[in-house]
Amino acid sequence: MSQNHPYLGLQLPSNAPFELKPSHGKGWGAFATRKIERGAKILEEKPLFVIRKHHDEITEEDVRKTFQQSTPRGKQQFLSLRDNAARPFSSMNYAFAENSFALSDNPPKHGLFLIHSRFNHSCIPNCNVPSTNGEIIASFATRDIVAGEEITFCYNTDFECRTRGDRHQVLRFTCECKACLPGTLFQQLSDTRRTLIRGLQYLTLGRDLDGQRQGSESPIIIDSQLKKAAENLAIQVSARLVYNLLVMSLLDEEELMNDFMIGRMYPGILILSTLFKTEGNARLARLAMEQKTWLEKLCVAFRLWGRGDVVDYGIALQLRMIHGPS
Ligand SMILES: [Zn+2]
């Protein structure tokens, strides 16, 4: 069946470190043809076409109009798109939805990407497609990838805080990655780790993933006093540092630590570690940040646990000014 598959006609850049071929149970996928070093760019791609609307506002008519304005080659490539069962898509809108990436939220803009859309999902991916301000997207290896390995990225941005069941509901398919394979110790630990990460984020931000507060029957923070303190941004600086470093250690164990995650999380943690005004605390925080691994940093920082700092009251006020009153 794959011998006549239209994806065989998709043109990859001549130096692409991967090939496209069927991936068991997942339609087609991208597989490394040589070793790809952590941090290396895997592919840069221009969209076949762009629709300037919110995802849920794009209609069949929008896609049809854009298609008609496309070049003959663009039309042919669009019509070569297939679903996971190798059938043509039942509608143009569906084909667009399954093969597009959000380029910007404000103003809304979605691009159809033929090759990056062949990359499959994993909840423990080896590649990242960072958001872009322009129209060209690029993918980067988040760890070393060996020849023959499938190249995957995570389709959602907050999956490090979601359990297997939660993720599958969003994905609308059953992922079979290491974090999703039922009956394994890693999978059970993975659900525990990701639930903890979500709770720790609530404690430091005072909000859940959607920016909202949980109701009084919070499944995330059961202790109502602790929940209230988090929502009032009244968590001590020492606890904040411990929570943040615990998140990093959990991400590390979950095999989700990479340069993008560090770039997102580390600056905030570094600032946090310099806020202490009580001398003994400041010294411990410095010592913690000097440690090599996230676990070692956490172990030293944990000696701050339960210690108040003269800066605590001022920080709560500052955070409330930034995030708004409770
Ligand atoms: Zn998975």
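Along the chain, the donors of the zinc ion are spaced C-x51-C-x1-C-x2-C, where donors are N, O and S atoms within 2.8 Å of the metal (3.2 Å for Na, K and Ca). Water is not among the atoms, so sites may look incomplete. The model is predicted: local features need pLDDT of at least 70, side-chain atom pairs count only at pLDDT 80 or more, and totals for chains, interfaces and linings use all residues. Residues are numbered from 1 along each chain as its sequence is written, and side-chain values use heavy atoms, with hydrogens and water left out.

The SG atoms of C123, C175, C177 and C180 coordinate the zinc ion at 2.3 to 2.4 Å. The site is tetrahedral, with angles of 101 to 114 degrees among the four donor atoms; four donors count as tetrahedral if all angles lie between 85 and 135 degrees. C177 and C180 are both buried (under 20% relative accessible area, 1.4 Å probe, protein chains only).

The domain assignment, automatic or from a database, divides the protein chain as follows.

| Domain | Residues |
|---|---|
| domain 1 | 2-155 |
| domain 2 | 158-224 |
| domain 3 | 232-326 |

Between domain 1 and domain 2, about 610 Å² is buried, 80% of it on carbon and sulfur atoms; buried area is the accessible area (1.4 Å probe) that two parts lose on being put together, summed over both. On the domain 1 side, H121, C123 and I124 lose the most area to domain 2, together 71% of what that side buries. Six residues of domain 1 are in contact with eleven of domain 2 (heavy atoms within 4.5 Å).

Conventions: Tetrahedral: all angles 85-135°; square planar, octahedral: opposite > 155°, others 65-115°. Buried < 20%, exposed > 50% of the residue type's maximum accessible area, 1.4 Å probe, protein only.
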